[in-house]
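Hi,

Here is the two-chain structure I promised to send over. Have a look at it first, and my notes on what turned up follow below.

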Amino acid sequence: MGDVEKDYRRDAIRQLFILVGGCTRATPPQVPDFPYTFKGEMRLQALDFWVRYPDYLADEILSQFEQSSDPEMLVAAREIFAADEPDVRRMPMMRKYYGAYEPLDTSLAILKSRGLVLPRTRKTSRGTNVRDFLLSEKAFETCAAVVENFPLMNWYRERIALVLRIADNRGGKALKDRQHEQKEYHDAQVGDTIPTIAQRVKMRLDRMGNTR
Amino acid sequence: MSAKVMPDAKGRQVWIAAISKKSGYSEELVASVLEKHGIRPKVTAAVPQRLMVTSLSFTGKKLGATPPSDIDFGPKPMGPGLWAVTSQRNFRGKTSILNIIRWCLTGRQYIADVMTSWFTAVTLRFTLDDREFEVRLSNASEGTGELLKHARGNEFQLASFSNHVEFEAAMSDFFMEELGLQKIENHIEKDGKGIDQPHGWVWLFTAMWVEPRPSALFGVQMPGAMSARMMQMYLGFPWVNTTNEIKAAQSRFRVKAAQSHLVSSGIRATTEGRIASLAAQRADLQAKFADVSPNTARLKLAEASQRFVNADADLRAFVAKKQVAEDDFESAKMAYAEARRSSQAAKESAAAGYVFRAIRPVCCPSCDEVITEEAAESHLRDHTCVVCKTPDRKGDDEEDTERTLLLAENEAKEQLDAQTTRVRLITSQINEARLARAKASEQCATAEAEIADMTTVEENTVRIQILDAQIAELRNLNQAETEAEDGDSKVLAAAEVITKEMYEVEQGRVLKRVSDLTKEYAVTFGIENLQSVSIDGGVRMKLIKNGQPTFFSKCTDGEKARLKVAATLAMLKVSEDEGVGRHPGLLLIDSPGDNAMVSVDYENLVSGISTLSEELKTVQIILSAVSGPVILSHVPKARRIEAVGDDYLW
């Protein structure tokens, strides 16, 4: 359980940052002591994908740069490649039926057992069940303590902030659809890991860099 | 050349061999040159024959006289020995009779133009040795008649003629053939053209004619060595005809050579000009492509091609190496990335472990059962998990792990750097190989372009070779022409010398006899104080008179006439004695007393001729003279064709 536990803990940390970064305060809270809500596991998976695949994130950044011409976008994309993040920060995800997928139960169990996150199933107006995640104050405190005690983990906080900015409050399905627009992502076989697009995005970045 | 060599087949071989040796050319070439110039020695028997006028008759009408009178002369029979045609006064037809005889024997009119239409028929009978012939002019003024031979009581026509030209030709052909004579050709240049002047029977007949004022010792005054050749022919020396042919050929050749030289000079000048033009073209081509060599260009292309091949091979090798290096680089990169990821993951996992170990579980994640503090402390003391009661593991030596991962990362980095360097090096090598290949390709293109130009160079090399061949050919032609001219000239010169050697010993001996005899006869004819006479091969007569040397040309007309008669008779005498000679033995002496010869000299001449004619029984001498005591005393009446008083002979 050691290695597996460690990975789950790492995943739990990463997912905690995503949940903390992407949640909103619920008024009144659904469950006492858990006043924050992160809506949708699909959204969590989609956001986690962009955290775990910096090349796909960079490509999305460049696409938005093409729309907005915001120079910070280009800088952000360059910095991703400058830090070799597509190689170093890539954490492969499996292709499942609906796209990139990571089983969250264990990592969420770690968060739940520590009283940081409380998964809840919600029925939508269409009658489907979606899973939301309720967060305690302790979750925010834990993220702050993690960053303070382990500065290297600050990367997650900053990356998740970037990812959420890029996500622009899009729901999980919208994000998934957007990610499916990547051919490599969409054409990946179920059961295979999503392939990297770093080389293509780098070339795109270089082209944009030369013309800007 | 000691032995007497005759121009027969054997002698010709000796002769050609001698010419070959002297000229330095091969016998084949010598024979070819001689044949080309028509020099064909042959034996012609110079057996003396005797021409004798036996009868003369002619008819006609003297026109212009008042009244015109008929002409009816002869027939006057004649025989060997001395005969005189005399009249007591001049201009009574004495010379005309000699001229008519001459006319009949040569076919050429020597009578005065005014008289040519007077004669109707002329008949001259003559013999050659024992053979009888007749010239019968039926229309003398037109030159119509026939030449007949009388034999066995019949007359046989040898020739007929209808005009003077045909008459002359018929008589020439007859006598040249009968007497074994040969036309002597003298080639002269006239108005820039070479002209062959054949001298045949009419000219040769002049040896039988002695005019009152002789211009030459033998025959008539002729240019060059014509008189000598006539004498040689009449004396019957072998090779004389050949000498004549050689002389004529040389003369023709000289004129032709001079003409050719003019033309050749012009052609040669043109050829030299052409050679100079070609040489100039050659020099231009040579200079234009002096620094260019097809071989050099090809060598350059070969070298450039080799460099291209080498560079291409290197490039391919480097590209292959780069592929491997890039694969290795990618592997190293992946390994490095993996090492970094592992390291990162380890750090994050360690951090995550710390984080969650520090946060006490508050509930079971499965059943949501709250974990009390007591339960938590209990498990803490037991070192077991409060959720699942699994004994706590010993903590990993995270520092060792981190160190190990760091080492692995560093090693991976080193490997990646090494592969990066390797890729960079190979990339640099590829670039260098590309550059080298590109450069070699450029060099190939340049060399190929040069070779394309080389086609021009090669064409011009061939053109230079063609020019060289043309120049050489033109030079050879010029040279060959000169050499050919030199060759013919040398062969002919050698032939003249050799041929002359063939007979000059004999000639010297015979001429010595003729000279001595001439002196004897000349003394008989009254030339006093004549110590010696020497006639050389050139028919030059040198005399020693009163101890002083002199020449025929320096003598008086009277002396010349006597010397000429003496020399002719001497020659006839020697021919008769030697049995060799072609002079027909007829002498027509026209008015020897008309040359202011003093009386005693004239008498000595007539007396001497009379005496000699007794000795030279086969010779016939017909002289024309004014009838006087000299003639009357030395020429019996029966041997005189005479007109008395004021009468005309005809």
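A residue is called buried here when its relative accessible area is under 20%, exposed when that value is over 50%, and partly exposed in between. By that cut-off B:R341 counts as buried, because its relative accessibility is 16%. Please keep in mind that this is a predicted model, so every value below is computed from predicted coordinates.

What does B:R341 touch, apart from its neighbours within four places in sequence? On the chain A side the contacts are A:D87, A:V88 and A:R90, and within chain B they are B:M334 and B:A346.

Where the chains meet

Chain A puts 29 residues into the contact, and chain B puts in 26. The size of an interface is often given as the accessible area lost when the parts come together. For chain A and chain B the buried area is about 2500 Å², with 62% of it from carbon and sulfur atoms.

There is a polar side to this as well. I count 8 residue pairs in polar contact between the two chains, with both partners at pLDDT 80 or more. Which parts of chain A supply the residues that touch chain B? Helices α1 (2-22), α5 (85-88), α6 (105-113) and α7 (137-149) of chain A each give two or more. The largest share is that of α1(A), with 8 residues. Sorted by class, this side of chain A holds 13 nonpolar, 12 charged and 4 polar residues.

How many salt bridges cross the interface? The rule finds 3 between chain A and chain B. One to look at on screen is the pair B:R340 and A:D84, with N to O at 3.1 Å.

Chain A by itself

Chain A has 212 residues, and 55% of them are buried. Its secondary structure consists of 11 helices and 6 strands. Of its contacts between residues at least 6 apart in sequence, 73% join residues at least 24 apart. The accessible surface of chain A is about 10200 Å², and carbon and sulfur atoms account for 51% of that.

Just after α6(A) comes A:G115, with a positive phi of about 75°.

A:E102 pairs with A:R52, and their closest N and O atoms are 2.8 Å apart. A:E102 is in the loop between β4 (99-101) and α6 of chain A, while A:R52 is in helix α2 (residues 41-52), so the pair links parts of the chain 50 residues apart. Are these two partners buried or exposed? A:E102 counts as buried because its relative accessibility is 14%, and A:R52 counts as buried because its value is 5%.

Chain B by itself

Chain B has 650 residues, of which 46% count as buried. I get 13 helices and 16 strands for it. Residues 24 or more positions apart make up 68% of the chain B contacts with a separation of 6 or more. Chain B exposes about 32000 Å², with carbon and sulfur atoms supplying 52%.

In the pair B:K247 and B:E496, the N to O distance is 2.5 Å. B:K247 sits in helix α7 (residues 240-288) and B:E496 in helix α10 (residues 398-524), 249 residues apart. Both count as partly exposed, because B:K247 is at 24% relative accessibility and B:E496 at 22%.

The other pair is B:E146 with B:R136, where the closest N and O atoms are 3.8 Å apart. This one joins two strands of chain B, β6 (residues 144-151) and β5 (residues 131-139), across 10 residues of sequence. B:R136 is partly exposed, at 26%.

Chain B also has a network of salt bridges, linking B:R509, B:R513, B:K573, B:D577, B:E578 and B:E615. Over all chains, the search of the whole structure finds 54 salt bridges.

Cheers

Conventions: Residues numbered from 1 in each chain as written. Chains lettered and ligands numbered in written order. Predicted model: local features only at pLDDT ≥ 70, side-chain atom pairs only at ≥ 80, totals over all residues. Heavy atoms only, no water. Helix = DSSP H or I, 4+ residues; strand = E, 2+ residues; numbered from the N terminus. Buried < 20%, exposed > 50% of the residue type's maximum accessible area, 1.4 Å probe, protein only. Contact = heavy atoms within 4.5 Å. Areas by Shrake-Rupley, 256 points an atom, 1.4 Å probe, with all protein chains shown as cover. Buried area = accessible area lost by both parts, 1.4 Å probe. Salt bridge = Lys/Arg side-chain N within 4 Å of Asp/Glu carboxyl O. Polar contact = N/O pair within 3.5 Å; in protein donor to acceptor, adjacent residues only side chain to side chain. Nonpolar A, V, L, I, M, F, W, Y, C, P; charged D, E, K, R; others polar.
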